[in-house]
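Have a look at the fold, and then read on.

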Amino acid sequence: MNDLIAQIQTYMNTHNNEWGYNVLFITIASFFAWIAWRIIQGRLTVLAEKTPFHWDDLLLDALKAPVSTLIWCWPATVSLGFVLQDQMGAKINWLSTLKLILVISIFVWITMRLINNIEGYILDSKKRDETTVQAIAKVARLFFLVIGALTIMQAFGLSLSGLLTFGGVGGLIVGLAAKDLLSNFFGGMMIYFDRPFKVGDWIRSPDRNIEGTVERIGWRMTIIRTFDKRPLYVPNSVFSNIVVENPSRMLNRRIYETIGLRYQDADKLDDIVNQVKEMLENHPDIDAKQTLIVNFNAFGNSSLDFFIYTFTRTVNWVRFHEVKQDVLLQVLDIVKSNSADIAYPTQTLKVEPQSHGLELSHQDR
């Protein structure tokens with residue numbers, strides 16, 4: 001046992017002279033560099049909070065973790081080089097490639113964090129369309145990830161021209177194998193650029209049993225929350241083959257009602273129609289600039305029918321029904337004020353005496 005301990009001490013004393021001090025110095029230097037970065041980062045954060053701009057805050061937040069990682073990982077690769085070179089007695093060429101990959105990865109990491117910070121800030125400020133912001137952020141992330149992956153492949157010595165050529169052939173094979181996946185991807189691109197709807201819109205399709213509020217538009221599918229709170233997952237390719245109605249983009253909501261009066265109120269019909277029309281023209285929640293019609297329409301089976309065709313100013317579903325209720329109640333008041341009433345289904349039976357039968361009954365007497 002004593003011999004083993006003596007051999008370990010001899011080994012450590014021998015090799016410490018060669019690489020131990022270098023590793024210790026690099027580690028201590030990394031620690032002080034990290035402390036310096038934390039102090040600088042704290043000072044810069046205080047200065048950035050005093051500025052009226054928010055972009056500097058987003059950039060500093062994106063740099064914080066990646067720069068700290070680089071301060072520790074870069075010296076670690078240098079220390080690893082000293083250790084391996086001492087053990088193997090030759091220069092390690094792949095360590096330079098590892099350092100390049102580290103720098104590329106840190107750059108991509110910073111870019112991803114910055115894109116996420118900018119996306120979150122814009123969405124929180126609610127100054128831009130949510131769907132457009134998410135689409136641009138996704139495209140930017142995909143772009144930098146592809147650039148980073150190609151650069152790392154080139155660092156490994158792969159030819160980009162050959163890679164692109166192979167990618168063209170491979171892309172054709174993958175495209176045939178993943179036709180549905182690609183159709184959903186391009187369907188998502190169509191939604192982002194054509195913008196038939198956005199997150200938060202109420203949509204429905206007369207072609208399919210699809211109706212609800214759009215929660216998320218992804219690259220492969222769109223999530224719609226139905227009115228009974230069930231999630232509906234619709235592949236994006238479906239939207240290129242169906243008609244989509246977007247009630248959220250209505251300018252007005254329509255009131256179209258038919259009201260029937262009793263036949264004995266025929267002499268009051270003209271006054272009632274004119275008063276109802278005047279009421280609608282002066283109603284604060286009715287858009288009088290849109291089509292407004294109040295006219296006697298038809299002789300019903302048991303009523304004299306006139307119809308109301310007008311538009312509300314609001315497009316909110318709940319508020320619309322409140323306005324519609326107010327309009328119908330005022331129509332009822334107008335009808336009552338004219339000593340008339342709303343008709344209900346009735347039938348009149350007319351019985352005529354049979355003259356021939358009456359004559360026979362007299363002869364029997």
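β3 (221-225) and β4 (231-235) run antiparallel and are joined by 5 bridges. Two strands count as paired here if DSSP finds at least two bridges between them, while the strands themselves (E, at least two residues) and the helices (H or I, at least four) are DSSP runs, numbered from the N terminus. Within this pair, I224 stands opposite L232 in β4. The two strands form a hairpin with 5 residues between them.

β3 also pairs with strand β2 (residues 210-217), in the antiparallel sense and over 4 bridges. Here R216 stands opposite I223 in β3, and a hairpin of 3 connecting residues joins β2 to β3. How much of β3 is buried? The count is 4 of its 5 residues, so β3 is largely enclosed by the rest of the structure; buried means under 20% relative accessible area, exposed over 50%, and partly exposed in between (1.4 Å probe, protein chains only).

## About the model

This is a predicted model, in which local features need pLDDT of at least 70 and side-chain atom pairs count only at pLDDT 80 or more, whereas totals for chains, interfaces and linings use all residues. Residues are numbered from 1 along each chain as its sequence is written, and side-chain values use heavy atoms, with hydrogens and water left out.

## Two positive phi angles

Most residues other than glycine have a negative phi. K229, in the turn of the β3-β4 hairpin, has a positive phi of about 70°. K229 is exposed, with a relative accessible area of 63%.

S339 also has a positive phi, in this case near 55°, and is a residue other than glycine. You will find S339 in the loop between α8 (317-337) and α9 (355-364). With a relative accessible area of 52%, S339 is exposed.

## The sheet of β5, β7 and β6

Now let's turn to another sheet. Strands of a sheet pair through backbone hydrogen bonds, either parallel or antiparallel. This open sheet has 3 strands in the order β5-β7-β6, with antiparallel pairing. Which strands lie at the edges? They are β5 and β6 (293-299), each of which pairs on one side only. Neighbouring strands of this sheet are turned by 20° against each other on average, direction ignored.

β5 (253-261) and strand β7 (residues 304-312) run antiparallel, joined by 9 bridges. One of the facing pairs puts G260 opposite D305 in β7. Helix α7 (residues 269-281) packs on the sheet, where it touches β5, β6 and β7, and its direction makes about 5° with that of β7. α8 packs on the sheet too, touching β5 and β7, with its direction at about 25° to that of β5. Contact means heavy atoms within 4.5 Å; axes are lines fitted to C-alpha atoms, for helices over the stretch in contact, and angles run from 0 to 180 degrees between N-to-C directions.

How many salt bridges does the structure hold? There are 14, a salt bridge being a side-chain nitrogen of Lys or Arg within 4 Å of a carboxyl oxygen of Asp or Glu. Among them, K198, D201 and R249 are linked in a network. D201 and K198 have their closest N and O atoms 3.5 Å apart, and the side chains of D201 and R249 meet at 3.7 Å, N to O.

Is D201 buried or exposed? At 5% relative accessibility, D201 counts as buried. Its two partners are partly exposed, K198 at 28% and R249 at 42%.

Finally, consider R113, which forms a salt bridge with D61, the closest N and O atoms being 3.9 Å apart. R113 lies in helix α3 (residues 94-125) and D61 in helix α2 (residues 55-88), so the pair ties together parts that are 52 residues apart in sequence. Both residues are partly exposed, R113 with a relative accessible area of 24% and D61 with 38%.
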